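Trainee: I am new to this structure and would like to know what stands behind the words used for it. Please go through them one at a time.

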Amino acid sequence: MSKLLLSDAQNGPRALLDGLDRLLIVNPGLVATPSSAAALARAAATPVSDFIGANLPVYQEIADKIIAAAPPERREAVRKSVIVELATFMATDIRLMPVPQPRTFGTVPIQTPQVEERGFKLGSFTVYPQLQAGMFYDSNIYATRTATVSDGVGTISPSIAIRSNWDHNALYAEAGADLTGYLKYGNENTVDWHTRLEGRIDVDPATRIILGGIALMEHEDRASPDAVEGLTPTRYWEVNGYAGLVHRIGVFNIRVGGALERITYANVIGLNGEINNHDRNHNRYTAGISVTDNANSAFRPFLEGLADIRRYDHTPDDFALPPTNVGYYRNSDGYRASAGAHFRISPAVVGEASVGIMGRYYADPRFKPVITPAADLNMRWNATQNTTAVLFLDRSIEETTLAGSPAYVYSVVGGRVEQVIIPDLIGIVRLAFARADFRQSTRWDNEADMSVGARYYFTSSFYIGADYRYTQRISEDSTINFSRHEVFVLVGAAF
């Protein structure tokens, strides 16, 4: 079963789903029980993270097909087992759940995308509206070492997604917003939004073209290493367009692609007047290639390379220090080269890992090149039918505004355990530890993010959740140390 689906997946998402249909026709007993249906969902979901394209609709279609094929008297039990199973795959799919960066520490916990037998059919499209709202208490809203300020916060996050139901080609679009209001400190109120449009053109069984774009407006968390002392949070905008080609030659999958990203920052008012953030505005150009050997379904090695060019609007920046009293030229050229593998140690343990090298070279002669090992890991272990563990690791070179430093190397490792306590009640424990090493500076930041929570699903569409979260930063620069306690209560609906 697993080998057949992995073989079908080499021809793309539609071939995988067609292969799932064939299995269900030939052997309907595969969905006769919740455990067998979960095993089928596991086998079908394993290759999805390898696809380039909107992966959430593929997980959704896997769930729809398996649930619809289940015996009516067992359909509800099958639905629950399949949803839990697929949620663990989405939790490790980097295209759906990117590794949290420092600016996200201290915000509302990211929720794993949910798949359900839901949505509204509109011709050849399905529409998925969602709404999440809640309240949380933050013991340190400004992420300061002393004179901490606490507040209660209300949040509401509406979103809508639409996907095509075509036999060939695919279109996916989504839009959402995050509105946050503070009870006492209204200057911290934020309105974030995001949009995404992505299409896949199936040229032939071996060739697919991906085209897409993202536009968003968000704000920097007060705990970000680059946060400025503004009276309001710093807003930034991102526009990203990308294109790619996926082609299969024998047992090899070849991917080539590129992207253009534009990031702009808003000025903010500080205690001493306006703080200029425009010197952080820049364009980022990336191009990459990867080659994967799919001959062995249990161990599929790959090689990948990425070129990364960053160009700032204003050079030098505003941080002029003696003896030159001239700001820094932060334009840079970078690369990342890695070797790794998609692996399946057993039906219960799957993942992806890579190691390599990455580097950046800067226009400013005062900045030395930053060359350091690269590493990634995303692994999922289904310890039991009701217990799932997720482990991730990532290293990257990040931009900084710290005077005299070209960048910081950011390393993060973490994990999550999800436990079905009773039917419809899921407990979650999360841990993440990160280190930021600022090059050509003595500064380093160690950060910890720990939380425990639960989700209870009243129906397939409505849930309530609660979380306790603790974050802490210990830095070489003790003035930016902080700790924070947060308590969340969330309610949500997905139709």
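Mentor: We can begin with a side-chain pair: Asp138 and Arg484 are joined through their side chains by a polar contact of 3.3 Å. The model is predicted, so local features need pLDDT of at least 70 and side-chain atom pairs count only at pLDDT 80 or more, while totals for chains, interfaces and linings use all residues. Residues are numbered from 1 along each chain as its sequence is written, and side-chain values use heavy atoms, with hydrogens and water left out.

Trainee: What makes the pair Asp138 and Arg484 a polar contact?

Mentor: A polar contact is a pair of N or O atoms within 3.5 Å; within protein, one must be able to donate a hydrogen and the other to accept it, and residues adjacent in sequence count only if both atoms are side-chain atoms. The value for Asp138 and Arg484 is 3.3 Å, so the pair qualifies. The side chain of Asp138 also reaches the backbone nitrogen of Asn140, at 2.9 Å.

Trainee: Which residues is Asp138 in contact with, leaving aside neighbours within four places in sequence?

Mentor: They are Val149, Ser150, Asp151, Arg484, His485 and Glu486. Contact means heavy atoms within 4.5 Å.

Trainee: How do you know whether Leu425 is buried, exposed or partly exposed?

Mentor: Leu425 has 21% relative accessibility and therefore counts as partly exposed. Its place is in strand E18 (residues 425-438).

Trainee: And what is the class of Asn481?

Mentor: Asn481, at 17%, counts as buried. Asn481 lies in the loop between strand E20 (462-475) and strand E21 (482-494). A polar atom of the Asn481 side chain is 2.6 Å from the backbone nitrogen of Ser475.

Trainee: What is said of phi in Ala143 and Ala147?

Mentor: Most residues other than glycine have a negative phi, and most peptide bonds are trans. Ala143 has a positive phi of about 50°, and phi of Ala147 is near 50°. Ala143 is in the loop between E2 and strand E3 (151-164), and Ala147 is in the loop between E2 and E3. Ala143, with 8% relative accessible area, is buried, whereas Ala147, with 69%, is exposed.

Trainee: Which residues does a cis peptide bond join?

Mentor: Thr315 and Pro316, with omega about 0°. Pro316 is found in the loop between strand E12 (299-312) and strand E13 (332-346).

Trainee: What makes H1 parallel or antiparallel to H2?

Mentor: The axes of H1 (residues 2-9) and H2 (residues 13-26) come within 7 Å and cross at roughly 150°. That makes H1 roughly antiparallel to H2, because angles over 145 degrees count as roughly antiparallel, under 35 as roughly parallel, 65 to 115 as roughly perpendicular and the rest as oblique. Axes are lines fitted to C-alpha atoms, for helices over the stretch in contact, and angles run from 0 to 180 degrees between N-to-C directions.

Conventions
Helices (H or I, at least four residues) and strands (E, at least two) are DSSP runs, numbered from the N terminus. Buried means under 20% relative accessible area, exposed over 50%, partly exposed in between (1.4 Å probe, protein chains only).
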